[in-house]
Amino acid sequence: MAFDLDIAKRLGETEVALRLEAGEGITVLFGPSGVGKTSVLNMVAGLIRPDRGHVRVGGTTLFDGATDVPVERRRAGYVFQDSRLFPHMRVAANLHYANARATMVDAIAHLLDIAQLFDRWPRTLSGGEAKRVAIGRALLSDPKFLLLDEPTASLDRARAAEVERAIVDVRDELGLPILMVTHDRAEADRLATRIVEMAR
Ligand SMILES: Nc1ncnc2c1ncn2[C@@H]1O[C@H](COP(=O)(O)OP(=O)(O)OP(=O)(O)O)[C@@H](O)[C@H]1O
């Protein structure tokens, strides 16, 4: 089982609750704004703590009544909605941040088609380029799974298609389980191995 989640959390007025069991491939969390999709990713990553339930990924318990693995030991590759590249580092330094082997950096850069961007500053990248670099940086932290928060939001159709292609390549080449959030139904249909709908 790639993802085995049973989580409940009160956030202000919102009661976030989700149960899901999903196998390999891309699991898409789909639902309207404010329903708690980002909060679910944050609970899987260990950035916020569920009130109750469990989080298991690849058979490893990351959270339950007895266990709460700290965020830095969860081995999550988290790509935030706003990419969050280090603005004072060129693309190459962003990718080398986790000290991955140079051959790995080159392989990932090839996979994501970002090698030609190594000397650029993050502020000079298009949204789609920045997103692909952010995915690369996450992969180079040697994660056991990938969390993608609305990876194509705010991109035009052509840029979104490039990012979607990169995600599919990551799925096919690396075989990492991916938990991805979107509010775009068509994108969910294109990418998902499994769609999980969150409703209010
Ligand atoms: N710390 C907090 N205190 C109070 N309310 C919160 C807190 N964090 C999140 N919320 C609320 O919880 C709800 C879920 O937020 P979340 O960002 O997870 O939703 P989402 O489905 O990812 O939405 P979007 O698609 O707009 O990003 C929202 O209504 C948000 O305002």
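Start at the ligand: the shell around it holds 2 nonpolar, 8 polar and 1 charged residues. (Ala, Val, Leu, Ile, Met, Phe, Trp, Tyr, Cys and Pro count as nonpolar, Asp, Glu, Lys and Arg as charged, and the others, Gly among them, as polar.) Before you click further, know that this is a predicted model, where local features need pLDDT of at least 70, side-chain atom pairs count only at pLDDT 80 or more, and totals for chains, interfaces and linings use all residues. Residue numbers run from 1 along each chain as its sequence is written.

Now select L11, G12, T14, S33, G34, V35, G36, K37, T38, S39 and H183, which surround the ligand. (A residue counts as near a molecule if its C-beta atom, placed from the backbone, lies within 6 Å of it.) Helix α1, residues 37–45, gives the most to this shell, with 3 residues. Helices here are DSSP runs of H or I with at least four residues, strands are runs of E with at least two, and both are numbered from the N terminus.

Next stop: two helices. Select 127–139 for α4 and 157–174 for α5; they pack at about 20 degrees, with axes 8 Å apart. The axes are lines fitted to C-alpha atoms over the stretch in contact, and angles run from 0 to 180 degrees between N-to-C directions. To see what touches, pick G127, G128, K131, R132, I135 and L139 on α4, then R159, E162, V163, A166 and V170 on α5. Contact means that C-beta atoms, placed from the backbone, lie within 7 Å. This set divides into 5 nonpolar, 2 polar and 4 charged residues.

Move on to P143, in the loop between α4 and β7. Beyond its neighbours within four places in sequence, P143 contacts R75, A76, G77, A138 and L176. P143 and L176 sit 33 residues apart in sequence, yet 8.3 Å apart in space, C-alpha to C-alpha.

Hop to R75, in the loop between β5 (60–63) and β6 (76–79). R75 is not a glycine, but its phi is positive, about 60 degrees. R75 is partly exposed, with 15 other C-beta atoms within 10 Å. (20 or more makes a residue buried, 12 or fewer exposed, and in between partly exposed, with C-beta atoms placed from the backbone.)

Last, select S154, in the loop between β7 (145–149) and α5. Its phi is positive too, near 70 degrees. S154 is exposed, with 12 other C-beta atoms within 10 Å.

Key
Two residues are in contact if their C-beta atoms, placed from the backbone, lie within 7 Å.
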